[in-house]
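Please go through the structure below one region at a time.

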Amino acid sequence: MDGKPTYADLEKKIAALNAELAAQKTVAAQYRNLVDSTDDSLYLVDADARYLFMNSNHARRLNLPPAGISGLPYADLHTPEQTEAFAAKIREVFATGASLSDEHHSLRDNQYFLRTFSPVRDAADPGKVAAVSVVSKNVTSRRWAVEALRASEEKYRQLIEYSGEAIFILTGGKIRFANSQTEKMLGYPLDDLKLISFINLVISEDREMVFDRQKALLHGDVSAGINTFRIVNKEGATTWVAQNSAAITWDNSPATLNYMRDITRQKKTEARLLQAQKMESIGTLAGGIAHDFNNLLMGIQGHASLALLKLDRTDPSYDHFKTIESLVISGAGLTRQLLGFARSGKYEVRQADVNALVEKTLQTLGRTSREIRIHRRLADHLWPSDIDQGQIEQALLNLLINARQAMPGGGDLYVETKNTLSDENRFQPLGGRSDRYIRISITDTGVGMDEKTRERIFEPFFTTKAMGRGTGLGLASVYGIIKNHNGFINVYSEKGQGSTFHVYLPASARPDKDWDRPAELPEQVSPGTETILLVDDEAMILDVAGAILKTLGYTVIAARTGADALAIYRSRQAAIDLVILDMVMPDMNGEEVFSELKLLDPQVRVLLASGYSLNAQAERILDRGCSGFIQKPFTSADISCQVRAILGSPGEHPRRESAQIPLPLFDKP
Ligand code: ADP
Ligand code: MG
C-alpha cells in the first residue's frame with residue numbers, strides 16, 4: 001500500500017485545517033472583543049518598556065492607529081519622569097515575576113488610573129517572564145468622590161475641633177469620642193478619658209443628678225438634655241459647666257452626644273449679683289424698720305428732753321429722765337448701725353488721714369487686749385480719703401473686735417494700709433468707680449470661716465456667736481458704711497486659717513488744706529424767738545419737736561404734708577424765719593417741697609431733718625442752697641444749736657428783733 005495521501009485525505013486535512021483556522025480566528029476575534037470591549041486600557045510591554053500590544057481603548061487614548069504599534073517605546077509618549085517610574089515597575093515585574101500596582105496621574109487629560117502590572121510567562125519556559133501586561137483602570141471619579149468626602153470630613157472635623165465647647169460621645173458611661181476642647185476642659189488626654197467613667201469627673205454632690213439625666217435621655221426624655229453641674233479636672237479644680245445632650249446611636253450602641261460649656265465666670269457673676277440683690281433687699285427691710293423705730297426713739301427722746309426742761313435737778317424723777325435719754329442714745333446707736341447698713345448717707349465727710357484714724361482705733365483696741373500682738377504696716381504717704389471719720393472708725397472697730405473675738409487664745413493681728421490703683425479690672429464687677437483707692441487690710445490668725453459662713457457674714461443679724469456675745473450687726477454696718485463711701489470690702493478666709501478683710505476706700509480727688517478739721521459738736525442749748533414752720537408727716541414728731549422748740553421760745557407752725565407746708569408758707573412767708581423740713585414723707589417728699597419753697601422765696605431758710613443720715617438726696621438738697629441738716633432723733637441741744645447756726649445769734653438776726661428769754665435749766669445728755 002502506497003502511503004501517499006489521497007485527494008480525499010488532503011481535502012479532509014484541509015477541511016480540518018480550515019476548521020481549526022476558523023476556530024482560531026473565532027478565538028482571536030473573541031480575545032479582541034474581550035480586550036476592546038472594556039473601558040480599561042490593556043497593553044503588553046517588553047523588558048525595555050516598549051509596547052508590544054494595546055487594546056483599542058488605549059490606542060484611542062494615545063491617539064494611535066489600532067494596529068502596527070509593536071516596538072513603540074513608552075518614552076516616546078510620556079515625560080522622562082513618567083517613563084522612569086513606568087520602566088522601574090516593568091523591571092521589577094521581570095525580576096520578581098510577581099504582580100504589582102500603582103496609581104498613575106495622566107498629565108494628558110488630568111485623569112487618575114489604577115495600574116496593575118502582571119507577568120506574562122514564556123510559553124516554552126514558564127519560569128521566564130516574556131512580557132508584562134498592564135491593566136489601567138480610570139479611577140478619576142472615584143478619586144474625586146473620596147477627595148470630596150475627605151474635604152467635607154475635614155470641614156466637620158474643624159467644626160468640632162475649633163469649637164469652644166467640649167463635644168464628646170458617651171456610651172456605657174465612658175467617653176468614646178471627644179474633641180480637643182474636651183481634653184482641655186477635663187485636663188486628660190483622650191486615651192486616658194476613654195478609660196475613666198465620665199460620672200467620676202462630676203463632683204460627688206452632682207453625680208446622681210447627672211446620672212439620672214443621662215439615663216432619662218437614653219429613655220427618650222428629651223427634656224433631660226439641658227443640665228448644669230460641676231466637674232473636677234485633673235488638677236482638682238472645679239468648673240461649672242452647662243451641658244446640652246442628645247440621644248444618638250454610636251457604633252450600633254445607644255449613646256449620648258454632649259456639648260459642654262464652661263460657665264464658671266457666669267456663675268460667679270450671678271452669685272455676686274444675687275448677693276448684691278439680697279443685701280439690697282435686706283437693706284431696704286432693715287432701713288424701713290430702723291426708720292420707724294428711729295421715730296419712736298425721737299418721741300421718747302423728745303418727751304424726756306421736755307420733761308428735763310421742766311424739772312429741777314433735785315427732782316427725784318430727774319435722774320430717771322436722764323437715764324431714759326442715755327438709753328435712747330444707745331438705742332439710736334443700734335438704729336444708726338442698721339441705717340448705716342441700709343445705704344444711709346454720710347454724716348460729716350471731710351478729707352482725712354486714714355493712717356491716723358487706724359492708729360487711733362488700734363489704741364482703743366490695744367488697751368483692752370493684751371494677749372494679742374498687733375503688727376502695723378502703715379503706708380508712708382497714704383493718700384487722703386474723703387470719709388466720715390466717725391463711721392470709718394466704727395467700721396474699723398467692728399473689724400478689729402471681730403478679729404479679736406476670732407482669737408480667744410491670743411494671736412497676731414496685722415493691720416496694713418496701702419495705696420492701690422484700680423487699673424486691675426477686678427474692681428469693675430465690684431462697682432469700683434474711682435481709679436485710686438486706699439486699702440486697709442486687717443488680718444487675724446484666728447478661727448477663720450468656712451464657705452457657708454463667709455457667704456452670709458454681711459447679712460444683718462447673722463452671727464455664729466453665742467447669744468449675748470454677737471448681734472450680727474457688726475459686718476452689716478461695715479458693709480453699709482464702706483458702700484456709702486463708694487468703697488468695697490473683700491474677705492479671704494479658710495476654716496482654721498485666720499481671716500483677712502480688705503477695705504477699699506476711694507482716695508480724695510485732690511488734697512484739701514484743712515483736712516482733719518474736727519467736727520464741731522453742739523454744746524449747749526440756745527433759745528430763740530423766731531417763727532419756725534415745722535414740716536413732718538409723723539404727728540408724734542410734730543408734737544415733740546414742736547414742744548421742744550416752743551419751750552426754747554420759738555413760735556411754731558406745724559404742717560403734716562408738703563402741700564400744707566407750701567400753702568402756709570405762701571400766706572405767711574414774711575412771718576416765717578425757718579422751715580424745718582422732714583425729708584421722707586409719703587406724698588410730696590422733702591426734696592420736692594424744698595424746690596417749691598425755693599420758687600416761692602429764693603431766700604428761704606430750710607433745715608433738713610431725716611432719720612437717715614446725710615445721703616445723696618440730702619446732699620443734693622444741701623448743694624441747692626438748703627441751710628443745714630439734722631438727724632433724728634435729736635436732743636433739744638442739737639436742734640437749738642442747728643437753728644441758731646442758721647439764724648445767727650439771737651441779736652444779729654436780720655429779719656426780726658429777738659428778745660433774750662431766760663434759759664431753762666438743761667444739760668446736754
Ligand atoms: P457678730 O460679731 O456680732 O457675730 P458680725 O456681723 O460682726 O456679727 O460678724 C458676723 C459673723 O462673721 C461672726 O459671727 C463670725 O462668724 C464671722 N466673722 C466675722 N469676722 C470674723 C473673723 N475675723 N474671723 C472669723 N469669723 C469672723
Ligand atoms: Mg462683730
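A cavity here is a set of points on a 1 Å grid over the protein atoms alone where a 1.4 Å probe fits but cannot get out. The model is a predicted one, and by this rule it has four cavities of 30 Å³ or more.

The largest cavity has a volume of about 50 Å³. Which residues line the largest cavity? Its lining is made up of Val 210, Arg 213, Gln 214, Leu 217, Ala 224, Gly 225, Asn 227, Gln 243 and Ser 245. By type, three of the lining residues are nonpolar, five are polar and one is charged. Two elements, helix H7 (204–218) and strand E10 (238–250), each supply at least two residues of this lining. H7 gives the most, with four residues.

Helix H11 covers residues 389–405, 17 residues in all. From its first C-alpha to its last, H11 reaches 24 Å, close to the 24 Å expected at 1.5 Å a residue. At its N-terminal end, H11 is capped by Asp 388, which has a side-chain oxygen 2.9 Å from the backbone nitrogen of Gln 391. Gln 391 is also one of the buried residues of H11. An α-helix has 3.6 residues a turn, so residues three or four places apart point the same way.

Why does Glu 325 count as buried? Its relative accessible area is 0%, and buried means under 20%. The side chain of Glu 325 is joined to that of Gln 301 by a polar contact of 2.9 Å.

Thr 83 belongs to helix H3, which runs over residues 80–96. Is Thr 83 buried or exposed? With a relative accessible area of 14%, Thr 83 is buried, because the cut-off for that class is under 20%. The side chain of Thr 83 reaches the backbone oxygen of Thr 79 at 2.8 Å. Leaving aside neighbours within four places in sequence, the residues in contact with Thr 83 are Tyr 74, Ala 75 and His 78. Pro 73 is ten residues from Thr 83 along the chain, and the C-alpha atoms of these two residues are separated by 9.4 Å.

Conventions
Residues numbered from 1 in each chain as written. Chains lettered and ligands numbered in written order. Predicted model: local features only at pLDDT ≥ 70, side-chain atom pairs only at ≥ 80, totals over all residues. Heavy atoms only, no water. Buried < 20%, exposed > 50% of the residue type's maximum accessible area, 1.4 Å probe, protein only. Contact = heavy atoms within 4.5 Å. Polar contact = N/O pair within 3.5 Å; in protein donor to acceptor, adjacent residues only side chain to side chain. 1 Å grid on protein atoms, 1.4 Å probe; cavity = no way out; pocket = protein on both sides within 12 Å on 5 of 7 lines; lining within 4 Å. Points joined across faces, edges and corners; volume = space filled by probe spheres on them. Nonpolar A, V, L, I, M, F, W, Y, C, P; charged D, E, K, R; others polar. Expected span 1.5 Å × (residues − 1).
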